[in-house]
Protein chains: 4
Amino acid sequence: MSAPQPAPAWHVSQWFNSEPLSLGSLRGKVVVVHAFQMLCPGCVQHGLPQAQRIARQFDPAQVAVIGLHTVFEHHTAMTPVALAAFLQEYGIRFPVGVDTPSEDEPLPQTMTAYGMRGTPTLILIDRDGLLRKHSFGVEPDMQVGADIAMLLGN
Amino acid sequence: MSAPQPAPAWHVSQWFNSEPLSLGSLRGKVVVVHAFQMLCPGCVQHGLPQAQRIARQFDPAQVAVIGLHTVFEHHTAMTPVALAAFLQEYGIRFPVGVDTPSEDEPLPQTMTAYGMRGTPTLILIDRDGLLRKHSFGVEPDMQVGADIAMLLGN
Amino acid sequence: MSAPQPAPAWHVSQWFNSEPLSLGSLRGKVVVVHAFQMLCPGCVQHGLPQAQRIARQFDPAQVAVIGLHTVFEHHTAMTPVALAAFLQEYGIRFPVGVDTPSEDEPLPQTMTAYGMRGTPTLILIDRDGLLRKHSFGVEPDMQVGADIAMLLGN
Amino acid sequence: MSAPQPAPAWHVSQWFNSEPLSLGSLRGKVVVVHAFQMLCPGCVQHGLPQAQRIARQFDPAQVAVIGLHTVFEHHTAMTPVALAAFLQEYGIRFPVGVDTPSEDEPLPQTMTAYGMRGTPTLILIDRDGLLRKHSFGVEPDMQVGADIAMLLGN
């Protein structure tokens, strides 16, 4: 088991529901990143509702829930203007950043920096900015709740 | 109780999953129209899955399931190119028509012709082209299954 | 395809939620029999809730929903006194008959007469007392709603 | 906020799925007690499945999940022989104790000792035998997972 590494910086071209955010500005909180695409059924049906439950469950002074729109397919469909409509219709109120597109490949920059395999992906970062969990797909609420609590208790 | 009226013609600017269709070409079948918007949560979570269950349940030689993309808000987000991506990601295989936008109002033309109040809306048309049910929101599967069977048995 | 046969008579030792009922007394109605055991998880989670939806969906003057407690295992646990508590706790309000135990085999008498394979089993009987459907397990609401409507339309 | 108190001893007349257990014998583990009645719909539909998820989620060397059958109504229906059938049919594999009936009141002895208000009730006891949570009804998995993790991290 290797030591946890610092979480890579985010490359975000636009923020919704928030002023621009950086990992550094969230130091001291546990940070939950839910990477999604607005036309990914698993994200819409499972990942985003779970992120909303996390945001409701934990004290926002202790746990920051951040959405990251990591578009790697259907780029012409999942534009920021479409995302804005999606967030409004689905009642997503936590901050959501648009992962900055790459110039020469379909995967956006933060997605590449984290080595994400697809969407939804859940990432947990501890109070010191260290990457503590990186999970492709959706895990049970009980597992996620326990993982976050473990980081809070550290 | 008034006599059933002929269902208004459809105004469709583009078809997916099908050659162009008209109500007249479906005469002899029971026609189920599911009017939806791709960013309407109730459509994505309840209406479209029900339409897919209808398509699986009934013999396609007897019952035609048709999606109608009736965009009346967020027009710049729910474009045909976005709809194409949506249909692919959600595995919608029945014919879907894009309701033709109006020039001077947000509601598209077929939506206006039918007097639809919003999305999702379920419309049932009998074998003779008569409008037999027009329901805003989602009804239980048992009701919808019974309604369609009643029209089949006529 | 063979012609439908008359549904066998019921052998019921005790009725809940009703005066004693017989198939003959229900002639003219479509009869839905839900055969269950109170400790059968598939019955509790799926079959009985579906029977309750049938009872809510259809006009009781047209469709009679009848529960049949066909105990073929754990006889000492699923006694009539236990069933009474179960029906109260789960809010089952339609008539429920206790299938009369056999003297020399675990299967009760009506279960044997119908050749049921287990619980839950759904049986549909038409207005003339003919057996029209006999299904082990749980079918989708849309199918069941359509089946009942077909019998109503006959 | 008062200091946590020692969890009261259990009064159990019969154990299923286990040799007799006591709180003392579980010292060093986090103990999760799910108090239920086999004919309580909220227990069957929500509480017991959650207890099973807890048992799957956490290392049994760290977290002990215990069912407690706290019968306070329908005593003649929810007997130990009926409970045995129920546990088998629902695939409950964690230890379940029968809360010892009282001589002069409907509530059984452990239920009274803990001041439980009904079923389902979830109780969390820390590694030192102190009562840390006592909750009537069903809480979200994310909350329960976090609560248990907090006790594990202490």
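Mentor: Let us begin with a pair in chain D of this predicted model: D:Asp147 and D:Lys133 are both buried.

Trainee: What makes the contact of D:Asp147 and D:Lys133 a salt bridge?

Mentor: The closest N and O atoms of D:Asp147 and D:Lys133 are 2.7 Å apart. The limit for a lysine nitrogen and an aspartate carboxyl oxygen is 4 Å, so the pair qualifies as a salt bridge.

Trainee: Which parts of chain D does this pair tie together?

Mentor: D:Asp147 lies in helix α4 (residues 141-153) and D:Lys133 in strand β6 (residues 131-136), so the bridge ties together parts that are 14 residues apart in sequence.

Trainee: How do you know whether B:Asp147 is buried or exposed?

Mentor: The relative accessibility of B:Asp147 is 17%. Buried means under 20%, and therefore B:Asp147 counts as buried. B:Lys133, at 14%, is buried by the same cut-off. The side chains of B:Asp147 and B:Lys133 meet in a salt bridge, with 2.7 Å from N to O. In chain B, too, the pair links helix α4 with strand β6.

Trainee: Why is A:Glu139 called partly exposed?

Mentor: A:Glu139 has 22% relative accessibility. A salt bridge joins A:Glu139 and A:Lys133, whose closest N and O atoms are 2.6 Å apart.

Trainee: Which residues make up the network of salt bridges in chain A?

Mentor: The network links A:Lys133, A:Glu139 and A:Asp147. Over all chains, the structure holds 16 salt bridges.

Trainee: What makes A:Cys40 and A:Cys43 a disulfide?

Mentor: The sulfur atoms of A:Cys40 and A:Cys43 are 2.4 Å apart. The cut-off is 2.5 Å, so the pair is counted as a disulfide. The link of A:Cys40 and A:Cys43 is right-handed, with 80° about the S-S bond, and both cysteines are buried. Over all chains the count comes to 4 disulfides.

Trainee: How do you know that D:Cys40 and D:Cys43 are buried?

Mentor: D:Cys40 has 9% relative accessibility, and D:Cys43 has a relative accessible area of 0%. Both values are under 20%, so both residues count as buried. D:Cys40 and D:Cys43 form a disulfide with sulfur atoms 2.4 Å apart.

Trainee: How is the size of an interface often given?

Mentor: It is often given as the accessible area lost when the parts come together. Chain A and chain B bury about 1400 Å² between them, with 64% of it on carbon and sulfur atoms. A:Leu39, A:Glu89 and A:Tyr90 supply 37% of the area that chain A buries against chain B, more than any other three residues.

Trainee: How many salt bridges and polar contacts are found between chain A and chain B?

Mentor: Across this interface the rule finds 0 salt bridges, while 2 residue pairs are in polar contact.

Trainee: Which elements give two or more residues to the side of chain A that touches chain B?

Mentor: They are α1 (41-57) and α2 (80-90) of chain A. The largest share, 7 residues, comes from α2(A). The residues on this side of chain A divide into 11 nonpolar, 4 polar and 2 charged.

Key:
Residues are numbered from 1 along each chain as its sequence is written. Chains are lettered from A and ligands numbered from 1 in the order in which they are written. This is a predicted model: local features need pLDDT of at least 70, side-chain atom pairs count only at pLDDT 80 or more; totals for chains, interfaces and linings use all residues. Side-chain values use heavy atoms; hydrogens and water are left out. Buried means under 20% relative accessible area, exposed over 50%, partly exposed in between (1.4 Å probe, protein chains only). Helices (H or I, at least four residues) and strands (E, at least two) are DSSP runs, numbered from the N terminus. Buried area is the accessible area (1.4 Å probe) that two parts lose on being put together, summed over both. A polar contact is a pair of N or O atoms within 3.5 Å; within protein, one must be able to donate a hydrogen and the other to accept it, and residues adjacent in sequence count only if both atoms are side-chain atoms. Ala, Val, Leu, Ile, Met, Phe, Trp, Tyr, Cys and Pro count as nonpolar, Asp, Glu, Lys and Arg as charged, and the others, Gly among them, as polar.
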